[in-house]
Each structure stands twice: as structure tokens, then as C-alpha cells.
Amino acid sequence: MKIMLVDDSKTMRSIQKSVLGQLGYSEIEEACDGQDALSKVGAFQPDLLLVDWNMPNMDGITFVKNYRQSNKTTPIIMVTTESEKSRVIEAIKAGVNNYVVKPFTPDALSQRITETLSKKAA
Amino acid sequence: MDTQDDNLISVKVSSDRLEATLTVMPGIDRNYVNSDVVLAKAVAQAIQTGSALTKRISEALIAFGDYDLVERGAFQYVIAKGQASEDGQDSQFTLETELAVIQQLSKKRALQAEKDTKADEDDEHLDHRERSVIMVVKAGQRLGQIKHATDGIDGTDVCGNTISAKPGVQASLQFDSQSIECHDNGAVIAKIAGQLLLEGDSAHINPTLVINEYVDYSTGNIDFPGKVEVFEGIRDCFEVVSGQSITVSGLVEAADLVAARDIELHGGISGRDKGTLHAGRDIHAHYLNAAVCKVGRDLIVEKEICDCTVVVTGSVRSPSSRIMGGHVSVLGTCECWQVGSEAGAHTILSLGRADALDGLVRDTLKLIGKLSAKAAKAKAQMQELNDNPEASSLKAEMMTSLKFEASEAESKKKPLMAALEGTYKLIEEKSEPTLTVQGLLCQGSEIRAGGHKAVFTQSIQGPLTIRLDEIGEMVCVDLKSGSVTPVKNMAKLSPDESSFSRQELPAGLRKAA
């Protein structure tokens, strides 16, 4: 399974990568913002994306909207500090499948990923 | 018929009856020499007639036609040949090459020993210890090949009579059927492991190796699958390895002995800090001096253990023996007559110790400690951040990072705790840190147990027992009066850095009161 991590923080990408490693996923691509992600997503063809909201150059929501124009099915989990209800709704409307609020425990992230992939499989 | 001519032509049979030769002497009327005359002569000698003879006679006559009797003298031509017989071959047993080499070496060494000569110049560069003269074989190993005696092939003489061949002699080499099997194809195979002995016309395998004298240059190093018995001693720098037990009647010098089972020394070892004894089970000895000993089970010594480094996985059962100098480490109980010496030889006794397991526990505790500290630090930092009401994405990120750190440290601790529990249980099951001294515990003796080190400041008369009480402190029990005295009252106590203290263990692992 191929997974793309989109976050401007290297530390966050490292934590997520470690959690994914523990779940057995090793084919991982990283992008530092929405623009970088758009340039890589075509070649990499991920099966799951973990996307941060607040990023320079292109934020997460803009990236999701752009991505969803050509891909309606690949699941996306938003990993962000934004926890207000209106923001959550905005993200879901943009095409996000699931949501994790920072700070999160590795277990919480792991649970969300498993949940999202199970739903997709179903 | 001209009688004179008839006397000048003859056919003679050789003494071995394998050739018949036509001879024509000078002076004969050449016309007299014809096939009928020659044939008649041959028949007179009872030579077998037939086409072969007729052909040879024709050839002879052709050759005679060109032969000048005057110039060259008598004419001779072989007109009949027999077939020699082939005698049979005697039976033969050929040792496998590697065994034959050892056999040769053994003979050479025996000869050298007899003549009291030194090794050849060629041999000077070789390590003679490595060149064992004992034919050690494994079960199933091919020992050699038997070639059975053959009957031979009969021959035929010129008269057509059979020349009998002499059959080969079947040797009377006896192979012991209990230890050696002979296959139909002549292969000789060992049924058991041991020493192959070829004595006269018999061969057998002895599962026990008996060395009637010393293990020295005459024997080389020994590596034997079965029991080894040495009736004299073992010289410096030689090795004896046995897949079972080793028994030595005489002195073991600075040599190395390894036995999968027991080592029994009717004398002792004088190792000069080089000799070693490794036994998978027990070691019995009259004395041990300046040697390194590893004992898989129990150590029984009658007289003394002097300046040795000894590790015993079972118990030391030596109620009449003195332990003086060196370091004896025992997992089980230790009983002896005396510890230390009046002269102050520094003697260390480690009780309830299996060095390897102890080291494992100590190292695991250190790792667990580090991980616990890491998790605690991360949690403390998280608390600090939590106490700061200001929310920011940076703070959220830092919190996530710290949560991850704490979670990782805790998850790494789990397998270490499981390993620690397993190792400690193993030590606790086997460990009995108890020393019983029947005679005297000398001043200056160092006893280590339960993570403590006690150097006795006074000599204590036995019979006594040193053990750990319910809280892991060392106590001395007078076996006559029953009184119990804390060791700290009679010794200088300090932590044993080489071991772990029970206090360091997680509460769940400490022995229940």
C-alpha cells in the first residue's frame, strides 16, 4: 500500500512515518506542502493521503480540492490542529474522509488510519 | 627314413610345459624337413594337435626355407605355446587413507619412544600436539575395504593338460561384530564411535579411550567422542576433549580438559594460571590449584581450591576443603571447611550467582531505567506545555511529538520487562546464595551476595552459614547456637558493582517475604 504524507513539519512527517511503519506500511512518499504534493501525486499514485491543513505555498484544503478534481476515491485523512466544527465540515465538503486533531497519540492516528482503510475496503 | 637325418630334427617341450620348440641341426638333408616329419615329432611329445599346431608348423617350415644352417647354426622355432596359470590373490584389508596415516604415525612415535630419539628434522615445524596417534572413528564411518581372496585362473600346457592355479589365501582378520560391520561389497563400517584398535589379526572399536601413560607428545591432543581414562597424567599445554567423561589418575599440569559430562581427577590440577577444566556436569578432584574451572553442575573437592577462578552452575560440596585465594562463583549452595587463609590470601566467594545471567539482568535493568527516564521527561515536558494555556499549532506539534516519544519508550520497555522477568525467575529457581563453613571463615575473605559485597574484618569460627534474609541483607547464622548476626556487624559492606541488587528490581520481581 502506498501512502503520501503532506505536512510542512519534518517532525510530524517522521512521527507519522514511524506509526505507519509499526502498522506495516513502508511505501511512503513525503511532500512539504500542497504544491509539492500535487507535483508528486501523479507519479506516486498513493492509496492513502495524510494531509496537514496549515502549510505554506498551498494549504491542505486547496490541495484536497485540486486533488479531488481528478481523483474521487483515494481516501484522505486530515491531520491538523483545526478542530472547530465549521472547519471540520469545510474539510469534509472538500473531500476529506477522516480527521485527526493534533496533538494526537500514535494509537489515535493508527486507529484513524485503520478505520479509514476498512471503510474503503467495505 | 634316414636315421641320421631323423636324429638331427627334434621337438622338445620346455620344463614348464608352456612351449614346444622345433630344432633342426646343421648337416640335415633339407628335404627331410617337412610337415609330416615335424608333426610326427610333435605327436611323439604328446603335443596337442590341431589347426593351431598345423599353422605353426607351416610357419616354421617357411622360416626354415630361408634359413642357412651352415652359417647360422641350428634352427629353432616355437611351434606350440601353452597358457600360464594365474595364481589367486590373497585377501587384503586396506585401511582408509586418513586412518592409515595415523597408524603410520603411531608406529613411528612408538619407535621413537623406544629408541628415545627426537622427532625428525622434517617434523620440527609441525605442532606435535595436533598430530594425534589415536584412530578415532565415528559411528557409520567407513574404516576400509576388504578384498576377498581369489581362486586364480588355470592354465593349459602344450599337451592340452590343465595347469592348476594356486588359490589366494583368505586372511583370518577378525572384526568384532559388536562394533564393526562388514558389508557384502567388502566395505568395513564402524557401528559405534570410539578408538579403532588393530591388534594382530583382530579389529574392534573401543568406546572408551584408555591412555595407559601420559597424555603428551606420544599421544598428541585427544578429541574423543566417548569416555577418556588416563592412568598417568596430562602434560602442559595438551588438550583432552571428551564427548562423555574424563578420568585422570595422576597430575594434570597446565592443560585444558573439556568433558561433556564429568571430570574426575584422582589427584588434581596444577594449572599455573593456564590450565582449564570445563565440565558439562560435575568435577571431582582432590585439589585444584591455579586453574580456571567451569562446572555445569556440582563441584566436589576434597582438599583445597587454591588461587582458582571457578564458576559453578550447581553447588560446591566440599565440606573438608579449603577455598584460598582466587574467585569462586556459585549459583547454588556452597559448603566448605575454610574460606580464605590466616596469611590473608584474597579470597572472593560470589553466592547465588550465574555470571552470564547476572550480567543480563544488570544490563536489562539499566536499559529499563533509561527508557523510564525518557518517558518521564517527555511527560514532564507535556505537563509544562499543558500548563501554558496559549494554543498554537507549534504547541500542538510539540505535544504530539512528546506523546510519541513517551509512547515509544513505554512500548520498548514491555519486551525488556518480559525478558527480565524470565531471566530473574531462572536465577531465582536455581539460585541459593548460601555458604556453609564448617571450620573457619578467615579475616579478609570477601563474600558477595544479593548485590552486596562483605569483606570480613575478623575471622569467624564455624560451623556457620552466611545467607540472605527476607529483605535481602546478608546474615551470619551460628549453626551451634542458632544465633543470627547481621554480616554488617562483622564485615565492611559495600555494593557489589558486578551484580544487581534486589532492590533495583521492579517490585513484582523481588522475592516474596
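Guide: We begin with chain B, where four strands make up an open sheet in the order E6-E14-E15-E11, with mixed pairing. Strands are DSSP runs (E, at least two residues; helices are H or I, at least four), numbered from the N terminus, and two strands pair if DSSP finds at least two bridges between them.

Visitor: Which strands of chain B stand at the edges?

Guide: They are E6 (136–137) and E11 (174–175) of chain B; each has a single partner strand, so one side of each lacks a neighbour in the sheet. E6(B) is joined to E14 (residues 194–199) of chain B by two bridges, and the two run antiparallel. Within E14(B), Gln195(B) is the bridge partner of Val136(B).

Visitor: On what conventions does this reading rest?

Guide: The model is predicted: local features need pLDDT of at least 70 and side-chain atom pairs count only at pLDDT 80 or more, while totals for chains, interfaces and linings use all residues. Residues are numbered from 1 along each chain as its sequence is written, and chains are lettered from A and ligands numbered from 1 in the order in which they are written.

Visitor: In what order do the five strands of the chain A sheet lie?

Guide: The order in this open sheet is E2-E1-E3-E4-E5, and the pairing is parallel. Its edge strands, E2 (27–31) and E5 (98–101) of chain A, each pair on one side only.

Visitor: How many bridges join E3 to E4 of chain A?

Guide: Three bridges join E3(A) (residues 48–51) to E4(A) (residues 76–80). Met78(A), in E4(A), is the bridge partner of Val51(A).
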